[in-house]
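Let's learn how to read an interface between chains. Take a look at the model first, and then we'll go through it together.

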Amino acid sequence: MREGTMDALLLVEDIHKRYGKEEVLKGVSFQLQKGETKVIIGPSGTGKSTLLRCINRLTEPDRGRVWLEGVEVTSRKVDINRIRAQIGFVFQDFNLFTHLAALDNVRLGPMRVLGMRRDQATKLAREELARVGLAGKEDAFPAQLSGGQQQRVSIARALAMNPKLILFDEPTSALDPELIGEVLEVMIQLAKDGMTMIVVTHEMGFARSVADEIIFMEKGVIVEQGPPAQLFSAPRHPRTAEFLSKITELYGETEG
Amino acid sequence: MEFFLKLGQVGQHLPMLMRASVVNLELLGALLVIGFLIGTLVALLQVYGGRVLSTGASVYEWVFRSIPALVLLFLFYYGPSHFGLDIQSFLAASLALGFRSSAYQSQIFRGAIQAIPSGQMMAARALGMSKLSAIRHVILPQAFRLAIPGWSNEYSSVVKDTTLAYAVTLNEIMRYAKTIMDRQYDLAMATFIVVALVFLVFTYSGNALLGLVERRFRIPGLQMPGATGAVL
Amino acid sequence: MSGFYFEWSFLPKLAQGLLLTVEITGACIAFGFVLGVLLALGRVYGGRLISIPCGIYIHFFRGTPLLTQLFIVYFGLPNWGIQLSAFLSGVLALGLNTAAYQAEYFRGAIQAVKRGQMMAARSLGMSRIQAIRSVILPQAFRIVIPSWSNELILMLKYSSIVYSIALLDLMGMGKRIAARNFNYFEVFVVVALFYLVLVLALSQSLRWLERRVRVPGLGAPGLR
Ligand SMILES: Nc1ncnc2c1ncn2[C@@H]1O[C@H](COP(=O)(O)OP(=O)(O)OP(=O)(O)O)[C@@H](O)[C@H]1O
Ligand SMILES: [Mg+2]
């Protein structure tokens with residue numbers, strides 16, 4: 001382990017990933033402290049989703065290493081399912097289990113992965129659903145919920161595993177504009193409560209107000225990273241400035 | 001007119017015909033169970049097995065789909081005795097038709113599994129579920145529901161194919177019908193018409209039952225892509 | 001335990017049986033094709049008076065065992081004074097059966113042809129029948145090829161059923177050879193191989209045919 005990284009919750013080191021001829025990630029490194037919220041921004045096709053998936057090895061990186069609290073996630077010997085149970089993942093298109101009602105979606109992980117008793121898992125699932133503002137929707141199937149509600153169920157599903165950190169991959173990109181706010185609100189509250197999070201998003205308002213640090217990625221590398229105030233007011237790299245002005249033009253600065 | 005008289009005469013044999021038809025239903029149950037278990041396994045191997053396993057499963061499927069049911073029946077009935085083993089005709093028929101059905105069922109299940117968006121597996125794995133656990137708790141519950149219509153077709157087809165076990169001396173309904181005819185040749189038409197009607201009942205009541213099952217287990221938003229029907 | 005001794009001198013006999021299998025399959029498919037198209041047209045375009053009987057026919061033949069149908073034709077019809085040769089009985093029963101299945105495929109295909117096609121044809125001044133003949137059916141036939149190919153292969157396998165009325169097709173010939181020498185296992189392994197090769201050859205040629213007659217933009221939406 002490296003010097004100065006002992007206290008990092010997550011350490012990502014020199015991740016490379018190639019699909020065919022195209023190298024999607026060309027050596028990405030960063031670290032994340034406990035309780036920190038990091039926002040990753042960057043143009044489409046830059047490898048942001050790939051990077052998130054490399055962290056819990058939903059995608060196997062070609063090279064590089066990841067540590068979670070000093071345990072090497074990328075080690076061949078590690079039981080990856082145990083690691084994944086500690087890392088929440090929220091998908092752009094929710095991926096709620098189609099055949100399960102909201103309550104069952106949330107308690108499946110605790111029961112099947114953590115071995116929690118049914119009554120305990122049920123209680124927990126109800127609490128998590130209430131926490132994301134969905135008390136009363138326990139019996140609704142995903143298709144019976146709005147996009148915003150589905151995404152909140154999927155956040156509850158992640159929370160029920162009591163994860164050490166949660167990875168969000170563009171959690172509001174598939175939502176109608178009027179539904180974005182309810183999801184961002186939940187995420188802001190999570191950040192306030194001290195949850196450790198990495199969020200890929202185009203929501204600059206959220207990034208500005210919630211992120212402890214913003215990473216700007218382009219073409220498989222980190223171009224620039226720093227606290228939001230610095231990135232927004234005095235970007236060091238011209239590409240960062242260019243991207244930020246373009247993105248605010250495109251998405252506005254809706255606050256969560 | 002005369003035909004209805006004959007039908008009346010066959011009516012006297014009806015209790016025995018129905019008793020013989022129970023053998024068909026028993027065979028149907030056995031072959032469907034065998035076909036279901038092996039078919040599920042073969043489909044899973046085809047989708048999730050490595051190169052070798054999925055190729056093996058596909059070859060299995062192709063062979064059992066390509067050989068006529070009657071030839072399979074003969075192979076399973078006479079094959080074991082070739083190796084010094086005795087086999088009852090019921091067991092031979094269950095295995096022959098069961099393996100054959102497994103090849104057709106695997107195709108149905110494979111289609112259903114492949115119709116499930118890849119995000120479902122990914123979300124399950126992201127929770128830390130093992131591949132097997134994800135298959136069991138996320139993929140199969142959805143796949144089986146999606147497979148019901150295709151499975152109804154398979155049911156319709158194999159319920160009738162149970163009559164082929166006649167060829168390996170199983171005392172099912174066709175064999176019994178034939179003995180009625182052998183005793184009284186002028187009853188042939190009436191007898192086989194009655195048998196046909198019995199199967200119409202089996203086919204349509206089975207399909208109605210499966211329709212009920214499908215509705216009972218239907219889940220909003222879970223359907224084959226391209227399928228029509230309200231989402232809610 | 002015994003080894004695998006197949007008397008290779010039986011091969012010509014089996015080839016002879018294979019020929020009959022091909023003949024019966026070809027004949028019943030052709031018969032079923034004609035009847036199936038008529039039934040499908042009756043279902044789609046016929047009024048109630050035509051459509052309902054066609055429907056009953058289709059339900060009866062799809063809902064009852066082929067073996068029963070064969071016995072009705074071969075053993076049953078003579079009760080009514082209609083005596084057919086075994087060959088004709090086989091072709092007739094298989095043909096009546098496959099007609100019902102083909103009718104359903106054709107019906108699906110006809111209904112998959114876009115509605116505008118009929119309207120366009122009528123707007124050119126074609127009669128309904130002309131439009132069906134020269135616009136709807138040519139498209140429906142192309143759409144139906146995949147399911148029709150399946151049906152053809154299915155009938156090739158089901159034609160083995162005619163052994164039960166003493167015809168010497170591949171199956172019947174195998175049975176006869178096996179019964180004489182009491183070597184069922186060996187003979188039926190070889191018979192199975194014959195069928196495997198036959199099915200493979202047929203499905204490959206059908207795939208080739210499918211590519212030959214493909215028309216760009218004409219697929220089968222939701223129909224396989
Ligand atoms: N499974 C895969 N197979 C092949 N190529 C892939 C795969 N996944 C991603 N890619 C490619 O890798 C590149 C990066 O994809 P990625 O989804 O990580 O980008 P992104 O930054 O998340 O973009 P977006 O903002 O559109 O979500 C893209 O060019 C994509 O086409
Ligand atoms: Mg992405």
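Q: How many residues of chain B are in contact with chain A?
A: Contact means heavy atoms within 4.5 Å. Here 23 residues of chain B are in contact with 23 residues of chain A. A word on the source: this is a predicted model, where local features need pLDDT of at least 70 and side-chain atom pairs count only at pLDDT 80 or more, while totals for chains, interfaces and linings use all residues. Residues are numbered from 1 along each chain as its sequence is written, chains are lettered from A in the order in which they are written, and side-chain values use heavy atoms, with hydrogens and water left out.

Q: What area do chain B and chain A bury between them?
A: The size of an interface is often given as the accessible area lost when the parts come together. With a 1.4 Å probe and summing over both parts, chain B and chain A bury about 2,000 Å², 69% of it on carbon and sulfur atoms. Of the area that chain B buries against chain A, Met122(B), Ala126(B) and Leu127(B) supply 29%, more than any other three residues.

Q: How many salt bridges does the rule find across the interface of chain B and chain A?
A: A salt bridge puts a side-chain nitrogen of Lys or Arg within 4 Å of a carboxyl oxygen of Asp or Glu. Across this interface of chain B and chain A, the rule finds zero.

Q: Which pair of chains has the most contacts?
A: Among the two pairs that touch, that is chains B and C. Chain A and chain C do not touch, and their nearest C-alpha atoms are 22 Å apart.

Key: Buried area = accessible area lost by both parts, 1.4 Å probe.
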